[in-house]
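Q: I'd like to learn how to read a model like this one. Can you walk me through its features one at a time?

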Amino acid sequence: MPPAQRTWAPLLAVCAGYFMVILDVTVINVAVPVIGRELSASLTGIQWITDGYTLVLAGFC
């Protein structure tokens with residue numbers, strides 16, 4: 001791989017991972033009303049669920 005492409009590879013990898021996290025957070029935000037209703041969760045509980053899910057997903061990306 002030429003040196004010019006090697007310098008872009010880490011940036012592209014980080015951008016792709018960040019895009020996946022943002023995409024998945026958008027999906028979970030659409031599901032928040034159903035999650036709150038099914039789990040009888042308060043607003044604080046829904047925030048904990050969303051934050052925990054996002055942290056785990058970001059750790060795997």
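This is a predicted model: local features need pLDDT of at least 70, side-chain atom pairs count only at pLDDT 80 or more; totals for chains, interfaces and linings use all residues.

Q: Which helix holds Met20?
A: Helices are DSSP runs (H or I, at least four residues), strands are runs of E with at least two, and both are numbered from the N terminus. Met20 sits in α1, residues 3–39. The chain has 2 helices and 0 strands.

Q: Which residues make the nonpolar surface patch?
A: A patch takes residues with over 30% relative accessible area and no salt bridge, joining nonpolar side chains (Val, Leu, Ile, Met, Phe, Trp, Tyr) within 5 Å and like charges within 9 Å. A salt bridge here is a side-chain nitrogen of Lys or Arg within 4 Å of a carboxyl oxygen of Asp or Glu. In this model Phe19, Met20, Leu23 and Val27 form the patch, about 390 Å² of it. Areas come from the Shrake-Rupley method with a 1.4 Å probe, and for residues only the protein chains shown count as cover.

Q: What does the radius of gyration say about the overall shape?
A: The radius is taken over C-alpha atoms, and the globule rule is 2.2 Å times the number of residues to the power 0.38. A compact globule of 61 residues would come out near 10 Å, but this chain has 16 Å. Along the principal axes, the C-alpha atoms fill a box of roughly 55 × 15 × 15 Å. Buried residues make up 15% of the 61. The accessible surface is about 4900 Å², and carbon and sulfur atoms account for 74% of that.

Q: How do I check the span of α2?
A: The expected span is 1.5 Å times one less than the number of residues. Helix α2 (residues 43–60) has 18 residues and reaches 26 Å from first C-alpha to last, close to the expected 26 Å.

Q: Which residues of α2 are buried, and why do they end up on the same side?
A: An α-helix has 3.6 residues a turn, so residues three or four places apart point the same way. Here the buried ones are Ile46, Thr50 and Thr54. They share a side of α2 because they cover an arc of only 60° around the axis, the arc being that of the directions from the helix axis to the C-beta atoms. On the other side, Trp48, Leu55, Gly59 and Phe60 are exposed. Gly59 has a relative accessible area of 62%, and its C-alpha is 9.7 Å from that of Val21, 38 residues apart along the chain.

Q: What about the phi of Ser40?
A: Most residues other than glycine have a negative phi. Ser40 is not a glycine, yet its phi is positive, about 50°. Ser40 lies in the loop between α1 and α2 and is exposed, at 66% relative accessibility.

Key
Residues are numbered from 1 along each chain as its sequence is written. Side-chain values use heavy atoms; hydrogens and water are left out. Buried means under 20% relative accessible area, exposed over 50%, partly exposed in between (1.4 Å probe, protein chains only).
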